[in-house]
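Notebook open, model loaded. I want the overall picture before I go residue by residue.

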Amino acid sequence: MTNAEPEPIKAIPLRRPGRWIAAVVILVALGLFLYGAATNPAYHWDTYFNYLRDTNLAKGAMVTLELTVLAMAIGVVLGVLLAVMRLSPNPVLRSVAWAYLWIFRGTPVYVQLVFWGLFPALYKTITVGVPFGPSLHSFDVQHWSAPFFFAMIGLGLNEAAYMAEIVRAGIGSVGDGQREASTALGMSWMQTMTRTVLPQAMRVIIPPTGNELISMLKTTSLVTAIPLTTDLYGRARDIYSVNFQPIPLLLVAATWYLIITSVLMVGQFYLERYYSRGSSRQLTGKQLRALAAMETRGVEGH
């Protein structure tokens, strides 16, 4: 008596008419919006296409990109330092790092930039020297005219508070067994961090860091609080304050932001793929026991 194989099941997909109705409604609404925007004279599409290739706005986009990269570099370096301080057994370092994060994460970045714009009014001179002793050199802050510098410092210090938590979470995602194994192999603390912990933590650090970089690009539009007018939004604002057409100029600025953001997203994708190499799926104890039982039954069957 042989066991006949069962006939294959003919699965019939469940019909979901609601999905098709929702898709049609969304497409119709999108088409109506695009048609209305294309035929609405208030958008001034001729002005939009005229300024889309404007050299002043292109220079403003480059200033925005430079400000983003430099501020992000400050945020990453200082964020790593703050993360190490948060993980330090020294209570003073932990308290200072916690206070820094509390202040910069608890206040709006626009308010912080306003204070940096008022820095020359808060401090007339900066003296470098021995505390309660002779001074070596003095800087006259009143004659400083560097809004780009203050914008870079303000954005970088604010970003460091968020990068510190990202780096701390990435380091914490690596199991203690990895550190113990490295120590057993005779590695120093620095070797353990650079060769074992950080390479594995990068898979956790890179995605939110890429998001922070993109967020930083858009946050640069707040440097008007300094004020800085050479960035992309500042250039667009200066132009529409003369021709009184803010809508097409804002659309041009938004287009430039989208172009730069798209390039950064592509770079983030390749970085994530690079640091995710070699990662494997970890099985739980229950799954391992079930797999071992299946293999045992297979051996006994033969």
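**Overall picture**

I started with burial: of the 302 residues in the protein, 28% are buried. This is a predicted model, so I keep that in mind for everything below.

Next I looked up the secondary structure and got twelve helices and two strands. Read along the sequence, the pattern is α-α-α-α-α-α-β-β-α-α-α-α-α-α.

I also checked the contacts with a separation of 6 or more, and 70% of them join residues 24 or more positions apart. The accessible surface comes to about 20,300 Å², with 67% of that belonging to carbon and sulfur atoms.

**Helix 2**

I picked threonine 47, which sits in helix 2, residues 45–51. Is threonine 47 buried or exposed? Threonine 47 is buried, because its relative accessible area of 12% is under the 20% cut-off.

Leaving out residues up to four places away in sequence, I find threonine 47 touching Gln245, Pro248 and Leu249. With glutamine 245 there is a polar contact, side chain to side chain, at 2.7 Å.

Phenylalanine 49 is in helix 2 too. I get 48% relative accessibility for phenylalanine 49, so it counts as partly exposed.

**A surface patch**

Last, I went looking on the surface and noted a nonpolar patch formed by Val111, Phe115, Leu118, Leu122 and Tyr123. Together they have about 500 Å² of accessible area. One of them, phenylalanine 115, lies in helix 5, residues 109–117.

Definitions and conventions. Residues numbered from 1 in each chain as written. Predicted model: local features only at pLDDT ≥ 70, side-chain atom pairs only at ≥ 80, totals over all residues. Heavy atoms only, no water. Helix = DSSP H or I, 4+ residues; strand = E, 2+ residues; numbered from the N terminus. Buried < 20%, exposed > 50% of the residue type's maximum accessible area, 1.4 Å probe, protein only. Polar contact = N/O pair within 3.5 Å; in protein donor to acceptor, adjacent residues only side chain to side chain. Contact = heavy atoms within 4.5 Å. Patch = residues over 30% accessible without salt bridge, like charges linked within 9 Å, V, L, I, M, F, W, Y side chains within 5 Å. Areas by Shrake-Rupley, 256 points an atom, 1.4 Å probe, with all protein chains shown as cover. Salt bridge = Lys/Arg side-chain N within 4 Å of Asp/Glu carboxyl O.
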